[in-house]
Structure formats: C-alpha cells, structure tokens
Amino acid sequence: MVNFILIAVCVIAGMIFKSTKSIHPDAHKGINTWILYLALPAVSFKYLPKVEWSTEMLFPIFSTLIIAIGSFFFMKFYSKAKNYSERSRRTLELASGYSNTSFIGFPLITAFYGEKYLSIAIICDQTMFLCLSTLGIIAALNGGGNNSGAISSKFILKRLFTFPPFLGCISALILSQFINLDFAEPFFDKLAATVGPLALFSVGLQLKFNGWRKLWSQISMSMVYKLMIAPAVVIVLALILGIKGDVAKISIIEAAMPTLVTSSIIAEQFKLNTKLTNLIIGISIIIGFFTTAFWYQMIKIFIE
C-alpha cells in the first residue's frame, strides 16, 4: 500500500506542478533525458547480468510481439466496421499495441512484486522498443500525411542503435560475460533508484485530458484492447504453453500496462492524430492503475 501511495504522489505532484505553471512546459524532456541516458541503462547493468536464461525467458519476447501484432488486426477490423480513415486506424494501432513497460511498468512491478523482478521486465521493455521501432514506425508511415510508402532498414537500425536504453541493454549483456560488474553495483543502485519517482513525475507533467468526450468511442476501444484484451491474451498463452511463476506473471503485468508515452512522439513525427494519442495515453494511465490491480488478482488465481 505504501508503494502505491508513493506512485500516486509522484504522478499527482507532476500534474499539480503542470497546472500551476510553476514549471517549464518542456521540463519533462530534461527528466526524460536523465531517465533514458542514465537511469534505464543502469537498470540493465544492475539486473541483466543476474538473469538465469532459459527457454521460458523467450515468453516475455513472444508475448510483447503478440500484443503489437494483435493491435494491427484488432484495429483493422474495428476501423473497417466504423469506416475510419487509414490515419485514424494507424493512430489507434500505434496507441494500443505498445505498453508503457518502463516509466509505469517498472514502478508498478516493484510495488506488486519487488525490484528483483525487473530483470524480466527489462526483457519486455526492450522487446517492446524493438517492436515500436519497426512495426510501430511502419504503421505510422502507412497512416501519416507524409507517407512515402517505404521505409529503409538503415532508418530502423539508426533508431535502434541511437536509443540509450537499448545500447545499455546490449552493453550489459556483453560486458557481463567478460567483466565482473559487482564492484559498480552501488553506483548502478543509486541511478536505478531514480527511475520510479522521476518517471512517474514526468508522466504527471505530460498528462492531457482536454477534449476527451468527442473522441471517447475511439479512446475507450483502444483501452479495451490495451488494458483488458492484451493481458487476457497473454494469460491464455501462458496457460496453453505451460508457463508459470515469475516469467508468466511479469509478462502479464507488463502486457497490462497503459499506452507508451513515446507513441505520442511518433504520432506527431508522422502526422497521425496526436490529440487522440495523447488522450489515450493520459486516460489509460489513470485507468491502468486500477486495471493492473485487477490483473494482479487474476494472476494469483490462474498463474501462481
């Protein structure tokens, strides 16, 4: 309960600072820079060298990919039924298929299960980023106003290998095979400890709710997929494949996370419906605090 109070305080503090105009509108960008360039790579160095790799560890990768692909088909049929434009369809696809696995996921997993489970969460997070940088950008290009009809592998690789958390993940995996990093663990502990409060404060600074009534049908359908259908699919997959314990429960909780904040950046870059994306992000974060608690109880019933 204490952890959830701290989570709420961090988010609400960000919202209050934003509403009082006592902080620069782009303050979250500075906070995000710290998180992306220092804190998240430190999490990789702290936890990834201790991961005990097995075939079960493929499940977080598989489940994250399934959610992204599922969003493609779900929004294709939904948009066709509603006669939405390609731009609206791709906006919904982008806003529904990619979880906020680090900024929201890491603090909530720590609150539910403890910090030691972040080693599995990192795998979900990096897979999610890989999916967003490939499938997500392709979707954005197909629906954006500047659609060129093609995307180069060079463009995708550049995004991957200039993203600090991805570089941190790869570096931690490689260096730990040759160097004992235990001597630096206190340093990584200090940096990693900043992820939760700073990420949640940053989220609070970015939440937007203006104009949600006019777009509620699209917002609600996106959240039905992201917050309910996606984790339900992962639970079913875990039961079918016989995946139990820590790997299954962390994969499910990460699947239940609200929409990734970075989706808004991509939506803006490729001229999708940025307002709709921002509303889905903001509202899904608030509702996601309650739905993840629901899935936490479902995991106790079906998985543990």
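Helices, by definition, are DSSP runs (H or I, at least four residues), numbered from the N terminus.

**Entry 1: the model.** I noted that this is a predicted model, in which local features need pLDDT of at least 70 and side-chain atom pairs count only at pLDDT 80 or more, while totals for chains, interfaces and linings use all residues. I also noted that residues are numbered from 1 along each chain as its sequence is written, and that side-chain values use heavy atoms, with hydrogens and water left out.

**Entry 2: the largest pocket.** I took a pocket to be, on a 1 Å grid over the protein atoms alone, an open set of points where a 1.4 Å probe fits, with protein on both sides within 12 Å along at least five of seven lines; lining residues have an atom within 4 Å of a point. A volume is the space filled by probe spheres set on the points, which are joined across faces, edges and corners. I found about 1200 Å³ of space in the largest pocket. Its lining has 45 residues, and His28, Asn32, Gln206, Val261 and Ile265 are the closest to the centre. Which helix gives the most to this lining? I found helix 2, with eight residues.

**Entry 3: the second largest pocket.** I recorded a volume of about 360 Å³. The second largest pocket has 20 lining residues, with Pro107, Thr110, Ala193, Gly196 and Pro197 nearest its centre.

Terms used. Helix = DSSP H or I, 4+ residues; strand = E, 2+ residues; numbered from the N terminus.
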